[in-house]
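This briefing sets out selected structural features of one protein model, grouped by topic.

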Amino acid sequence: MNNGNKPPNNLLDIIIVGAGISGINAAYRIQTELPSATYSILEARGHIGGTWDLFRYPGFRSDSDLYTFGFAWRPWQGQQHIADGKSIQKYICESASLYGIDQQVQFYHRLISANWSSDQQAWTLTVDKGGEKVNLHARFVILGTGYYDYDEALSSAIPGIENFKGSTVHPQFWPEDLVYKNKRMIIIGSGSTAVTLLLSLAETASHVTMLQRSPSYILARPTVDPFAQWAQNLFPAWFVHRITRLKFLVLGFLFVKYCALFPLAARNAIKKATSKELPGNVPHDPHFEPRYNPWEQRLCLCPDGDFFKAVREGKASVVTDTITTVTETGIQLASGRHLDADVIVTATGLKMKIAGGARISVDGVRINFGDKFLWRNAMLQDVPNMATMIGYINASWTLGADATALLICRLLKSMADHQFTAAVPRVDEKMTMKSMPALNLTSTYVVRGIRDLPRTGDKAPWRPRSSYFFDLWDAKFGNLMHGLQFERVSI
């Protein structure tokens, strides 16, 4: 234990927690923007990839295009812009290896707690290293841990689930030995996981039923982008990627704004597109008529319309109803109908968790994330020298994570130039500010976990994310002094 102002031994400039897509991206930005900085990445699991290494359920894939979800510094080279999880995990690993980032990863290092010492102007991180507790030290910490619990799924009260005599599985913990060929399957849920599972399971199962309490918006999109395919015959690869990425950025931004400004028109446009995909015996309402407006929850992408194809071919069906009870052989619905099943999949969402559940404290006082505002969607109020990666909910996650990484690198450069040892986000006590959720979605898993998430406000620099274009400009040119208190302590 170090006392007084003496700096701790083996002090690193930066520790990144998490070797998923956010952590690897942050490491690249540190290497290029701060080449003299020392850093390490702590990864609780044994592989690089985060989400893309964790989930193994059939058909797991991206729900964002890879032109914008991929790294800006290493373009996605695959033909498919909606790709499967294994391909994305491979892409992340190859990117890390190409730039030597993988050499900085310490596997099986799970963060238990992190405490900031104002005397030492440094973080002490207590880490579970394969069952042994060790302490690591850093001047700055970047949390690239995502927003959900890797070890526990969202609990859902499904009456009578214990009565079922068949197999019950959750997508987050899909058993590799599960046999579902020629089995009757029910997927409880209507989000992107349920949509993805349906079209994959329907290939070999006897029949797949997606049982939903309320529907989601489902959009059919081509797996291979026609524009990129056309452009490849005329222009070099680097130019094709750049112009295609810009296309997805601009059109995605415009679509989200259109949905926000003209929600009724957006609903009708999506309804028209969806109705074209449905067979005559499947009505749009109630199965594909959500109760909310587009982007109040995430939209589900359906590559090449395969979801609707499975429904048209009779391999899958959608039922909108509520569960009375689960029986030994299936599910009894409120309408009186009974759905027979051999396997029930509970695709009911993720459990929200920031920092992987680690205890974060400042001078021994625990920080409750739900009580704090986010400075520029990057740093927690009253917490020195710590950034958390929170991406977009209506665009590719990586875009927001990269804007944060660039902002933090610029901040660290400025701190070094001015010989500051700490930067602490502070809310002006005289400021009256409305509290808003950092993830502004009405999805069940977000609503249930909202108290554990940091907040945003209605005044700068505490506002929620608006668009990648603004956030990127702000990261590169915005006023770093606004909302930050800087410290210069000799150690």
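In this predicted model, Ala157 sits in the loop that runs between strand S6 (132–143) and strand S7 (167–169). Ala157 is exposed, because its relative accessibility of 78% is over the 50% cut-off. Its C-alpha atom is 28 Å from that of His284, a residue 127 positions away along the chain.

**Other loop positions**

- Gln419 belongs to the loop between helix H10 and strand S22 (422–425).
- With a relative accessibility of 59%, Gln419 is classed as exposed.
- Gln419 and Arg359 are separated by 60 residues in sequence, and their C-alpha atoms lie 29 Å apart in space.
- Ala205 is placed in the loop between helix H5 (192–201) and strand S9 (207–212).
- Ala205 is buried, because its relative accessibility of 10% is under the 20% cut-off.
- When neighbours within four places in sequence are set aside, the contacts of Ala205 are Tyr180, Asn182, Lys183 and Met185.
- A C-alpha separation of 34 Å lies between Ala205 and Gly449, which are 244 residues apart along the chain.

**Helix H5**

- Helix H5 is largely enclosed by the rest of the structure, because 8 of its 10 residues are buried.
- The buried residues of H5 are Ala194, Val195, Thr196, Leu197, Leu198, Leu199, Ser200 and Leu201.

**Packing of helices H10 and H12**

- Helix H10 (residues 397–418) packs against helix H12 (residues 468–477), with an angle of about 10° and a distance of 8 Å between their axes.
- The two helices, H10 and H12, are therefore roughly parallel, since angles under 35 degrees fall in that class.
- On the H10 side, the contact is made by Leu399, Ala403, Leu406, Leu407 and Arg410.
- On the H12 side, the contributing residues are Tyr468, Asp471, Leu472, Asp474, Ala475, Lys476 and Phe477.
- By residue class, the contact of H10 with H12 comprises 8 nonpolar and 4 charged residues, with no polar ones.
- An α-helix has 3.6 residues a turn, so residues three or four places apart point the same way.

- Thr68 is part of helix H3 (residues 66–69).
- Thr68 has a relative accessible area of 3% and is therefore buried, the cut-off being under 20%.
- The side chains of Thr68 and Ser396 are joined by a polar contact of 2.6 Å.
- Beyond residues up to four places away in sequence, Thr68 touches Arg245, Phe248, Leu249, Ser396, Thr398 and Leu399.
- Leu399, one of the residues touched by Thr68, also takes part in the contact of H10 with H12.

**Cysteines**

- The number of disulfides in the structure is 0.
- Cys300 is thus in no disulfide, because the nearest cysteine sulfur, that of Cys302, is 9.6 Å away and a disulfide would need the sulfur atoms within 2.5 Å.
- Cys300 is buried, at 2% relative accessibility.
- Cys409 is likewise classed as buried, at 3% relative accessibility.

**Backbone geometry**

- A cis peptide bond with omega near 15° links Asp285 to Pro286.
- Pro286 is located in the loop between helix H8 (263–277) and strand S11 (300–303).
- The peptide bond from Ala460 to Pro461 is also cis, and its omega is near 0°.
- Pro461 is located in the loop between strand S24 (455–457) and H12.
- Tyr108, a residue other than glycine, has a positive phi, near 55°.
- Tyr108 occupies the loop between strand S3 (105–107) and strand S4 (109–117).
- Asn385 is not a glycine, yet its phi is positive, at about 50°.
- Asn385 lies in the loop between strand S20 (379–380) and strand S21 (386–388).
- With a relative accessible area of 2%, Asn385 is buried.

Notes. Residues numbered from 1 in each chain as written. Predicted model: local features only at pLDDT ≥ 70, side-chain atom pairs only at ≥ 80, totals over all residues. Heavy atoms only, no water. Helix = DSSP H or I, 4+ residues; strand = E, 2+ residues; numbered from the N terminus. Buried < 20%, exposed > 50% of the residue type's maximum accessible area, 1.4 Å probe, protein only. Polar contact = N/O pair within 3.5 Å; in protein donor to acceptor, adjacent residues only side chain to side chain. Contact = heavy atoms within 4.5 Å. Axes fitted to C-alpha atoms, helices over the stretch in contact; angles between N-to-C directions. Parallel < 35°, antiparallel > 145°, perpendicular 65-115°, else oblique. Nonpolar A, V, L, I, M, F, W, Y, C, P; charged D, E, K, R; others polar.
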